[in-house]
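Please take a look at the model shown here. A short report on selected features follows.

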There are 2 protein chains.
Amino acid sequence: MTPRPPKYETIKQFLVHGISSKTFTDAMPSENQLAETFGVSRMTARRALDELEREGTVERFPGRGTFVRKTPHYTRGFFRVRPFRKWAEDINVTLTTRVLEAGLIEPPHEIAKKLQTEDHVVVLRILNCFDDKPVRYAVRYLVADPCARILEENLEQESIHDILINRYRLPLTKISQSMTAVGLTSPIARLFNIEPGYPAFYFQRLIFSYDRPITYVEYTMRGEMAFDDTFTPQLDPADFGALFSHS
Amino acid sequence: MTPRPPKYETIKQFLVHGISSKTFTDAMPSENQLAETFGVSRMTARRALDELEREGTVERFPGRGTFVRKTPHYTRGFFRVRPFRKWAEDINVTLTTRVLEAGLIEPPHEIAKKLQTEDHVVVLRILNCFDDKPVRYAVRYLVADPCARILEENLEQESIHDILINRYRLPLTKISQSMTAVGLTSPIARLFNIEPGYPAFYFQRLIFSYDRPITYVEYTMRGEMAFDDTFTPQLDPADFGALFSHS
DNA sequence: CAGTGGTCTAGACCACGTC
DNA sequence: ACGTGGTCTAGACCACTGC
């Protein structure tokens, strides 16, 4: 026996079907109408509409009603950049990390500006391989103040993000980044054992902990590494923040 | 007078504060406990916990309880792909669209499979320029059934997505896509007036309207066109749906 | 077994928008 | 004035986990 589906699920199905079959093109049934026609309480009918709103299918306005979202606030799409370890797991390869350089330096001017510090900064140059094939090169800078001790960590085994978040208790709350496609420069091509000009992704990423810059990193990544995603268009992420005002 | 905040908001604040001050490090108060200590009904206490779960702060297990999420399901980041017109507006250039081909064809096997149709499909080949400089080349296929009439539209003026959504009432509810970095092939390099091998983004995107494939498109885009984003890390989009509360 | 979360009911009051 | 969604109550039954 399959367990009885929740009633609000049944109602959701009904509503979604009604939208896709163009029975509902603008105004949706009200909570009271649904409650009556399905013989449920208003709270149950309401839940169906609430979930459709959260999923972006529908908009609700107090005093007016519930309406099909015509121009869904969709972003045309987005690409997730997943933790590299998970990525390796997904495609079932072994991730290795080689630290090419780790030290404290006077930051170049532009780095000092990004990290908003006059102090020294940690610099790390790291090469990642999938099954011994070099796939990503990273140059990373970290503010010395809470992060200098990262030089004593085992960076070849542990994720830098995990160290920052879990060991140093630095919640990474804001990310600002940019991505372009480039051809490999000769030095990096040599690291990758391929010819210069080979197509690659180039990322620049600045990460904050509560408006304080923590680390800036530049990644170069082989271009055939595909970013894949399947998702439902949602509210524009520009509206994010508001949800997380942990004031 | 500021209006009284909802009770569940007060409870949420209490819980969030308790987590950040490490009062709650694992198990959270149960619904009944919260209901009693705050003098509210269980449904109200429940709502506070429900929202925290949707926001990724907390995990709930039937029969066991509610627990602080230790490794927040953060995405390391993502890149939005914005409507091309908006992109052009942002950087203050003029977007022009040239239709290189528009017709009905027997679909190649792989396209027929993606679009789940045995029928003919519309094919469009389009070149986009920013201020007369070619920046994007698109080959698009659309299922003939609701989309054949798109051949009579003015595709050089109007966004295809807008036509599908607003004119044909096809809400684009699911997107599946992939992105790699490539070097330009000779034919496309000729279209772009640059040398073959020039770094570029290559997108493949399949768009659905309620689980029915509508259009499949392959974009090639000059690599120096940067994707930028600033955002707050959130739940992994794999857990979508429940993620968004009302603005 | 007692406690948890998941669902659900049949009421209620409110602020709001439309007429 | 009426209908809408937003909030809230005080109960209820269930399936599930832990002891």
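## Loop residues with positive phi

N193(B) is exposed because 8 other C-beta atoms lie within 10 Å. N193(B) sits in the loop between α8 (186–192) and β8 (199–209) of chain B. Helices (H or I, at least four residues) and strands (E, at least two) are DSSP runs, numbered from the N terminus. The phi of N193(B) is positive, near 60°, and the residue is not a glycine.

This is a predicted model: local features need pLDDT of at least 70, side-chain atom pairs count only at pLDDT 80 or more, and totals for chains, interfaces and linings use all residues. Residues are numbered from 1 along each chain as its sequence is written, while chains are lettered from A and ligands numbered from 1 in the order in which they are written.

D132(A) also has a positive phi, about 70°, and is not a glycine. It lies in the loop between β5 and β6 of chain A. D132(A) counts as exposed because it has 8 C-beta neighbours inside 10 Å.

## Strands of chain A

β5 (residues 121–130) and β6 of chain A run antiparallel, joined by ten bridges. Strands pair if DSSP finds at least two bridges between them. L124(A) has R140(A) as its bridge partner in β6(A). The two strands form a hairpin with two residues between them. In that turn, D131(A) has a positive phi of about 50°.

β6(A) also pairs with β9 (residues 212–222) of chain A. That pairing is antiparallel and spans seven bridges. V139(A) is opposite E218(A) in β9(A). β6(A) covers residues 133–143 and is mostly covered, with eight of its eleven residues buried.

## Nonpolar cores

A nonpolar core is a set of buried Ala, Val, Leu, Ile, Met, Phe, Trp, Tyr and Cys residues joined through C-beta atoms within 7 Å. The largest core has 58 residues. L142(A), F201(A), L142(B), F201(B) and I214(B) touch the most other members. Apart from this core lies another, of twelve residues, including I11(A), L15(A), M28(A) and A48(A).

F201(A) has contacts in both chains: M179(A), A181(A), M221(A), G223(A) and A181(B), leaving aside neighbours within four places in sequence. Contact means that C-beta atoms, placed from the backbone, lie within 7 Å.

## A148(B)

A148(B) is in the loop between α6 (144–147) and α7 (160–167) of chain B. With 15 C-beta neighbours inside 10 Å, it counts as partly exposed. A148(B) touches L104(B) and V122(B), not counting residues up to four places away in sequence.

## Surfaces near the DNA

Near means that a residue's C-beta atom, placed from the backbone, lies within 6 Å of the strand. DNA strand D is surrounded by 23 residues. The closest are S30(A), G63(A), K7(B), T44(B) and G63(B). This surface has seven nonpolar, ten polar and six charged residues. Ala, Val, Leu, Ile, Met, Phe, Trp, Tyr, Cys and Pro count as nonpolar, Asp, Glu, Lys and Arg as charged, and the others, Gly among them, as polar.

DNA strand C is surrounded by 22 residues, and K7(A), V40(A), T44(A), G63(A) and S30(B) are the closest.

Terms used:
Buried ≥ 20, exposed ≤ 12 C-beta atoms within 10 Å, placed from the backbone. Contact = placed C-beta atoms within 7 Å.
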